[in-house]
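Student: I am new to this structure. Please take me through it with a few questions and answers.

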Amino acid sequence: MIIDCHGHYTTTPPGVGEYRDKQKDQVAKDPAFVGEKGKVVVSDDEIRDSIVNNQLRLQQERGTDLTIFSPRASWMGHHIGNEHTSQYWTEHQNDLIRRVCDLFPENFAPVAQLPQSPGVDPAKSVAEIVRTVEQMGFIGINLNPDPSGGFWQDASLGDRSFYPIYEKMCEYDIPAMIHVSAACNDCFHTTGSHYLGADTTGFQQLMMSDVFKDFPELKVIIPHGGGAVPYHWGRFRGLAQDQGFDLAERVLNNVYFDTCVYHQRGIDLLLDIIPTKNILFASEMIGAVRGVDPETGHYFDDTKRYIDNNTVLTAEQKQEIFEGNARRVFSRLKA
């Protein structure tokens with residue numbers, strides 16, 4: 001079985017965007033606006049059409065079987081509005097993911113967005129973890145290390161304010177993918193620099209903290225191939241050595257990297273530097289890069305090809321990347 005651990009609902013029907021636009025209009029007039037949760041008006045047929053003609057079609061064309069699916073990352077928009085805005089929006093987004101997984105149970109498994117907001121205690125997101133895992137069968141969460149949208153004004157992932165989230169993750173045995181949302185700082189391109197910089201920053205915050213000492217069973221996924229981490233593994237090893245600890249011992253029991261790297265040499269580097277047991281197959285489709293690579297004639301985000309074409313990994317190692325590691329990290333994933 002081929003399990004893609006990183007997919008987002010980027011093809012939502014129009015009613016989703018219409019709801020969000022109304023929210024944005026309301027908070028633009030009054031940043032403290034509370035309002036009501038309201039409804040997102042989307043039919044099951046609209047959801048089917050949005051999936052069958054997009055993610056499901058590409059699954060079938062590219063030979064993958066199951067996508068671990070979460071709300072559109074760039075639309076999480078934790079910097080928009082206030083904690084009430086984020087709570088309502090998050091609940092609707094997670095409800096939509098559940099609907100997708102109910103309509104296509106063989107093809108998608110649900111991961112939750114959290115209702116984070118700048119300056120708001122991360123512990124307030126625990127209730128949504130409880131709701132989505134206990135009541136809705138979700139198997140993981142996305143955790144935003146920068147809810148300010150590119151200004152990095154809140155606490156580090158190593159701060160104890162995140163500990164209630166980590167405690168609940170360990171209790172449920174669920175992983176978190178460290179994933180920012182859109183950048184509202186014009187210095188950063190959302191997918192070109194903000195995502196990759198945040199991946200690297202999140203890793204750095206965790207490796208320099210006591211989080212994995214305090215939560216030895218915690219499971220964290222750094223997406224997009226780990227940002228700069230594999231390419232600069234020697235730098236991080238040196239920084240760890242200067243601080244008196246071994247990098248591999250500190251992080252490789254807890255941190256995993258996905259394969260959302262969009263060229264063969266990048267994937268080969270990832271596979272050469274990071275142990276196979278710490279790599280999960282992923283494509284992020286339909287996501288950041290949607291075009292065809294003129295050098296290969298294939299889509300950039302058809303990442304299964306890069307694993308298939310690697311000449312160093314054994315067949316057993318490839319199958320661990322494609323399936324075995326995902327089942328171990330997402331222990332709530334049903335057979």
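Tutor: Axes are lines fitted to C-alpha atoms, for helices over the stretch in contact, and angles run from 0 to 180 degrees between N-to-C directions. This is a predicted model, in which local features need pLDDT of at least 70, side-chain atom pairs count only at pLDDT 80 or more, and totals for chains, interfaces and linings use all residues. Residues are numbered from 1 along each chain as its sequence is written, and side-chain values use heavy atoms, with hydrogens and water left out.

Student: How do helix H1 and helix H3 run relative to each other?

Tutor: Helices (H or I, at least four residues) and strands (E, at least two) are DSSP runs, numbered from the N terminus. H1 (residues 14-29) packs on H3 (residues 83-103) at about 175°, with the axes 11 Å apart. Angles over 145 degrees count as roughly antiparallel (under 35 roughly parallel, 65 to 115 roughly perpendicular, the rest oblique). H1 and H3 are therefore roughly antiparallel.

Student: Is threonine 64 buried or exposed?

Tutor: Threonine 64 sits in the loop between helix H2 (44-62) and strand S2 (66-71). Buried means under 20% relative accessible area, exposed over 50%, and partly exposed in between (1.4 Å probe, protein chains only). At 10% relative accessibility, threonine 64 counts as buried.
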